[in-house]
Amino acid sequence: MTGSNVRLRLAPSPTGFLHVATLRLALYNYLFVQQHGGQFILRIEDTDQARTVEGAIEAIYAALEWAGIPLDESPKIGGPYAPYMQSERTPRHQEVARRLVTEGTAYRCFCTKERLTELRESQEKRGLPPQYDRKCRHMTETEVAEELQKGTPHTIRIKMPLEGEIIGEDLLRGKIVFPAKDQDDAILLKTDGFATYHLAAMVDDADMKITHVVRGEEWIPSYPKHIEIIKACGFPMPKFVHTTLILNEDRTKLSKRKGPVAVSNFIEAGYLREALINFLMMVGWTGPETNKELYTMDELLKVFSFDRLTTAPAVFKYEKLDWFNGNYIRSKSPEALEADLVEYLTYMKNIVVTEDAFTIPSIHQTIPRATFRKMVTHAQQKMVKMSEFVPSLDVYFSLAEYNTSLFFNEKMKVDAAMAKTAMAFLLPILEEIQEWSIDSLKETIMAKIAEAGYKNGQILWPMRVALSGLPMSPGAFEMADVLGKEETMQRLQTGLEKLS
RNA sequence: GGCCUCAUCGUCUAACGGUUAGGACGUCAGGUUUUCAUCCUGAUAAUCGGGGUUCGAUUCCCCGUGAGGUCACCA
């Protein structure tokens with residue numbers, strides 16, 4: 001599988017963030033490249049200066065790094081086909097565009113933006129598809145020379161075939177046929193001298209020896225342009241894969257306006273990389289084992305293939321993502337989860353790590369490492385997202401103001417008298433406990449409950465309520481363990497007083 | 001509107017002509033548990049419509065319909 005010189009690229013434009021759909025594309029690229037011992041390249045498509053955003057490139061690197069997707073060549077690490085910033089490759093694009101004009105497969109267009117806008121509007125008014133009327137395609141050499149002489153700004157357009165069919169070959173979808181009559185003479189080089197995406201991407205792909213172009217389905221309409229550009233340039237034809245779109249719940253293309261789409265949004269929301277990656281992979285792809293849904297990156301590396309990609313657009317469902325996330329949270333070792341939590345809180349700028357403690361600024365608490373670990377373990381059992389961790393800590397630092405009615409629970413067979421009995425029952429037992437650990441707490445109390453002939457709930461429910469003051473909380477033993485003897489006794493005492 | 005793509009439970013999907021149309025998420029109902037969550041059990045629900053081809057269509061073909069994408073000197 002090595003030496004096949006498979007080379008794929010991810011070519012985002014620097015719009016400020018990495019879209020999850022782009023991450024999914026990156027995953028496909030990366031997995032395929034790894035399987036074939038090839039190279040994965042990042043090229044930044046920044047030929048539209050108007051759209052370039054400060055810090056956007058850093059955001060792309062950061063997201064890929066977070067996801068654990070390494071690059072072989074990029075603007076940052078360079079490579080044999082540098083530069084990897086598309087705008088820096090402009091001279092080459094211009095050279096190719098001029099060559100095409102000389103060879104007669106492209107032409108100079110002197111039409112003004114105003115004329116084009118007018119043209120489009122009148123076509124739309126008449127219910128016609130907006131298309132350039134190819135006025136300049138028919139200019140004589142002398143007419144062109146005249147305009148050039150005058151210094152009239154111009155673009156360069158590709159000469160698309162006037163009749164016949166343009167046939168594309170998609171690895172996933174097979175043949176795609178486009179009637180030539182529907183095609184427009186796309187602009188290759190803008191008046192500002194920069195190439196459009198169409199020219200730039202094709203030239204760069206060829207120059208960078210890209211073998212497979214994996215891109216979203218939204219590119220299918222411009223596929224025929226790309227085919228003709230590649231042919232005109234005399235470049236080898238790479239293989240194309242047009243993946244499905246990811247949709248909002250309303251079935252429109254996943255967009256920023258309708259919800260979070262940036263990878264960073266998901267990091268902030270407290271999703272684990274394993275979960276996001278696994279989820280993204282299961283939207284539009286299934287493995288060979290059809291009943292398997294949980295995949296590690298290593299497993300994906302073994303079984304991924306383009307031919308199991310789906311062709312129908314897929315809705316992005318948060319419920320499923322959450323399920324993956326909760327699943328991964330629970331399946332981790334406490335050490336691993338703690339590491340993820342620290343990484344997450346660091347990302348959120350909400351943790352200060354010292355040798356023996358963690359400080360969480362948002363709640364003004366410094367927590368010893370051992371205690372922190374316990375809190376992680378308790379939260380692990382119920383957290384869906386890491387963002388729930390810090391709020392879950394409140395119960396350990398303050399006792400909520402609560403009403404004694406919380407104690408009463410029919411199912412637990414706890415009424416006012418029983419609640420009081422439970423407090424009175426627990427206090428002396430706790431007083432005597434020497435080794436304050438979750439295990440000994442549990443062992444001792446459970447033994448005493450059995451000995452006294454109570455139902456577990458009759459004692460433990462009131463205990464849980466007194467320790468948390470909440471209808472829902474971590475377990476009684478878990479809380480007691482973290483709270484320590486003194487605070488535990490105190491809270492039970494408070495409960496007893498409330499009941500009196 | 002033109003062109004292109006797509007079409008199985010609410011959602012993600014499996015079934016490369018023959019299955020009681022499978023799994024997962026969600027939802028609902030039970031059970032375990034000191035609450036919640038987890039966990040276990042069960043239930044729920046789908047082949048867009050019409051024609052073909054075939055002994056037999058979710059599967060192949062055609063026509064509808066629907067959804068989406070795209071029609072910039074943006075990518």
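This is a predicted model: local features need pLDDT of at least 70, side-chain atom pairs count only at pLDDT 80 or more; totals for chains, interfaces and linings use all residues.
Reader: Which helix goes with them in the β-α-β unit, and what is its hand?
Author: That's helix H7, residues 223-233; together with E8 and E9 it makes a right-handed unit.

Reader: Nice. Why is E9 called largely enclosed?
Author: Strand E9 covers residues 239-243, and four of those five residues are buried, so the rest of the structure largely encloses it.

Reader: Switching topic: what is the strand order in the open sheet with E4?
Author: The order is E3-E4-E7, three strands with antiparallel pairing. E3 (106-109) and E7 (187-189) are the edge strands, each pairing on one side only.

Reader: How much twist is there from one strand to the next?
Author: The average is 40°.

Reader: How many bridges join E4 to E7, and which residue is the partner of Arg-157?
Author: Two bridges join E4, residues 155-158, to E7. The partner of Arg-157 there is Ile-187.

Reader: What about helix H9, why is it largely enclosed?
Author: Eight of the 10 residues in H9 (273-282) are buried, so this helix is largely enclosed by the rest of the structure.

Reader: Which ones are buried?
Author: The buried residues in H9 are Glu-274, Ala-275, Leu-276, Ile-277, Asn-278, Phe-279, Leu-280 and Met-281.

Reader: And what covers them?
Author: The cover includes five helices: H1 (20-35), H2 (56-67), H8 (263-268), H10 (297-303) and H11 (318-331).

Reader: Which residue just after H9 takes a positive phi?
Author: Gly-284 does, with a phi of about 100°.

Reader: Let's zoom out. How is chain A divided into domains?
Author: Domain 1 is made of 7-75 + 246-315, domain 2 spans 87-243, domain 3 spans 332-388 and domain 4 spans 404-499.

Reader: How far apart are the C-alpha centres of domain 1 and domain 3?
Author: Those centres lie 28 Å apart. The contact between the two takes six residues from domain 1 and eight residues from domain 3.

Reader: What classes of residue are on the domain 1 side of that contact?
Author: The side of domain 1 that touches domain 3 has four nonpolar residues, one polar and one charged.

Reader: Great, thanks!
Author: Any time!

Key: Residues are numbered from 1 along each chain as its sequence is written. Chains are lettered from A and ligands numbered from 1 in the order in which they are written. Domain bounds come from an automatic or database domain assignment. Two residues are in contact if their C-beta atoms, placed from the backbone, lie within 7 Å. Ala, Val, Leu, Ile, Met, Phe, Trp, Tyr, Cys and Pro count as nonpolar, Asp, Glu, Lys and Arg as charged, and the others, Gly among them, as polar. Two strands pair if DSSP finds at least two bridges between them. Helices (H or I, at least four residues) and strands (E, at least two) are DSSP runs, numbered from the N terminus. Axes are lines fitted to C-alpha atoms, for helices over the stretch in contact, and angles run from 0 to 180 degrees between N-to-C directions. A residue is buried if 20 or more other C-beta atoms lie within 10 Å of its own, exposed if 12 or fewer, and partly exposed in between; C-beta atoms are placed from the backbone. A crossover is right-handed if, with the strands pointing away from the viewer, the path from the first strand over the helix to the second runs clockwise.
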